[in-house]
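Subject: Two-chain model for your files

Dear colleague,

Please find below the structure that I promised to pass on, followed by some notes on what turned up in it.

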Amino acid sequence: SCIIEERSFVRCEDLVYGRMSFKGFNPEIEKLMVQMNSKCKEEEIEVDDKMEADVSDEEMARRYETLVGTIGKKFLRKRDQRVLKDDNEDDEVDEDRNSNIIPRKKAKKMFLKPQD
Amino acid sequence: MAAGLGRAAEACVGQVVLPGDLLLLPAHYDEDGEGERLRLSAGAAPVGRLLCGPGLRRSGAGLLVTKCGLLRHRPAGPGAYWVDSQQKRYVPVKGDHVIGIVTAKAGDVFKLDVGGSEPASLSYLAFEGATKRNRPNVQVGDLIYGQFLVANKDMEPEMVCIDSSGKSSGMGIIGQDGFLFKVSLGLIRKLLAPKCEIIQELSQLYPFELVLGMNGRIWVKAKTVQQTLIIVNILEASEYMTAEQRRQALAKLSGN
């Protein structure tokens, strides 16, 4: 049980917010009016604004999955890189994930008999 | 020293009280230590707080009246008592939203005239999204809607244009055009009451924008100068018009 001294009328009389707009003169203020006055009535329920994402969560997860592998290969030592590439070149034609045919940059190194 | 015998606070609600009157509160709000100890040991639930509003001051057994006016009471929420008095001169109060006019720029601080005894100060960093490099574009003579951060009789009042979470929520520089005028503080409180008929009736007339400062200043902006002046005249006159006269005036206007 205690008595609090309050010097403002706003708390005593539950006055509304002082900035107002009517009939769509200033749409931002009208939005603010709704927000402020519902805050007063419902005792400050916090509005959680979720930022609209440009990229959805699913797509983000998919990209990350493939990205980790790609960036990881960058840091392999040269010997490991060649091993990886040779494994892939066992087939006649190279295809990446989208089934596009990769043109071979180098001819496969084989032993060439020296010509006299 | 001894004031006259106090009257019960509930009996005086709605009546005129004068400075020096002592209002007694019901026993359960009493701050007597012994009484509290007894109650706690008996396991009684503690009673809620009481707000002692403007015009009243705590004194021993009850509330001491410091302004003349009508005593008002609000039973719900935290219960509150306050004195409803007429006043034209504004005294800065912490947390109040007011309209200020920029009178000077002194380095990093703006001086605003809010109608009180001293100009209030407003730092340029107290706007939303303001940094040392990104300064707000405030000129002398601009109107600012902000709230008091510090306002007591010992210090110069300070204003800010952001709330505690850093958002501006409608505060800041008030735009171009429009009309600023002054009314008494009682009318502002009437207009800001939750379901104000004056505002509701006016909102049916034309689209317009309105900013009400607790220091008695109102800023209005409508599409044409004539509409703005009509709204200004109605707001000024509504202090002394009865509801019936106001409705007649508005009916004439919407007829025109």
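B:Lys111 forms a salt bridge with B:Glu156, with 2.7 Å between the closest N and O atoms, where a salt bridge stands for a side-chain nitrogen of Lys or Arg within 4 Å of a carboxyl oxygen of Asp or Glu. This pair links distant parts of the chain, since B:Lys111 belongs to strand β10 (residues 109–113) of chain B and B:Glu156 to the loop between β12 (143–150) and β13 (158–160) of chain B, 45 residues apart. Helices (H or I, at least four residues) and strands (E, at least two) are DSSP runs, numbered from the N terminus. B:Lys111 counts as partly exposed at 22% relative accessibility, and B:Glu156 counts as partly exposed at 32%; here buried means under 20% relative accessible area, exposed over 50%, and partly exposed in between (1.4 Å probe, protein chains only).

Please bear in mind that this is a predicted model, in which local features need pLDDT of at least 70 and side-chain atom pairs count only at pLDDT 80 or more, while totals for chains, interfaces and linings use all residues. Residues are numbered from 1 along each chain as its sequence is written, chains are lettered from A and ligands numbered from 1 in the order in which they are written, and side-chain values use heavy atoms, with hydrogens and water left out.

A further salt bridge in chain B is that of B:Glu201 with B:Arg247, whose closest N and O atoms are 3.5 Å apart. B:Glu201 lies in helix α3 of chain B and B:Arg247 in helix α5 (residues 243–255) of chain B, so the pair ties together parts that are 46 residues apart in sequence. B:Arg247 is partly exposed, with a relative accessible area of 38%. Both residues also belong to a network of salt bridges that links B:Glu197, B:Glu201, B:Glu244, B:Arg246 and B:Arg247. Over all chains, the count comes to 15 salt bridges.

Turning to the interface, 3 salt bridges are counted between chain B and chain A. In one of them, the side chains of B:Arg189 and A:Glu13 meet at 3.5 Å, N to O; B:Arg189 lies in helix α2 of chain B and A:Glu13 in helix α1 of chain A, so the pair joins two chains. B:Arg189 counts as buried at 7% relative accessibility, and A:Glu13 counts as buried at 19%. Another salt bridge brings together the side chains of B:Arg74 and A:Asp14, at 3.3 Å, N to O.

A:Asp14 is placed in the loop between α1 (9–13) and β2 (19–22) of chain A, and it counts as partly exposed at 44% relative accessibility. Although A:Asp14 is not a glycine, its phi is positive, at about 55°. A:Lys23, in the loop between β2 and α2 (27–42) of chain A, is likewise a residue other than glycine with a positive phi, near 55°. As background, most residues other than glycine have a negative phi.

As for the contact as a whole, chain B contributes 51 residues and chain A 28 residues, a contact being heavy atoms within 4.5 Å. The two chains bury about 3,700 Å² between them, 60% of it on carbon and sulfur atoms; buried area is the accessible area (1.4 Å probe) that two parts lose on being put together, summed over both.

The chains themselves can be set out side by side. Chain A has 4 helices and 4 strands, which run β-α-β-α-α-α-β-β from the N terminus on, whereas chain B has 5 helices and 17 strands. Buried residues make up 17% of the 116 residues in chain A and 43% of the 256 residues in chain B. Among contacts with a separation of 6 or more, residues 24 or more positions apart account for 3% in chain A and for 61% in chain B.

Lastly, chain B holds an open sheet of 4 strands in the order β1-β3-β6-β5, with mixed pairing; two strands pair if DSSP finds at least two bridges between them. β1 (7–8) and β5 (56–59) of chain B stand at the edges, each with a single partner strand, so one side of each is left without a neighbour in the sheet. β1(B) pairs with strand β3 (residues 22–24) of chain B in the parallel sense over 2 bridges, and the bridge partner of B:Ala8 in β3(B) is B:Leu24.
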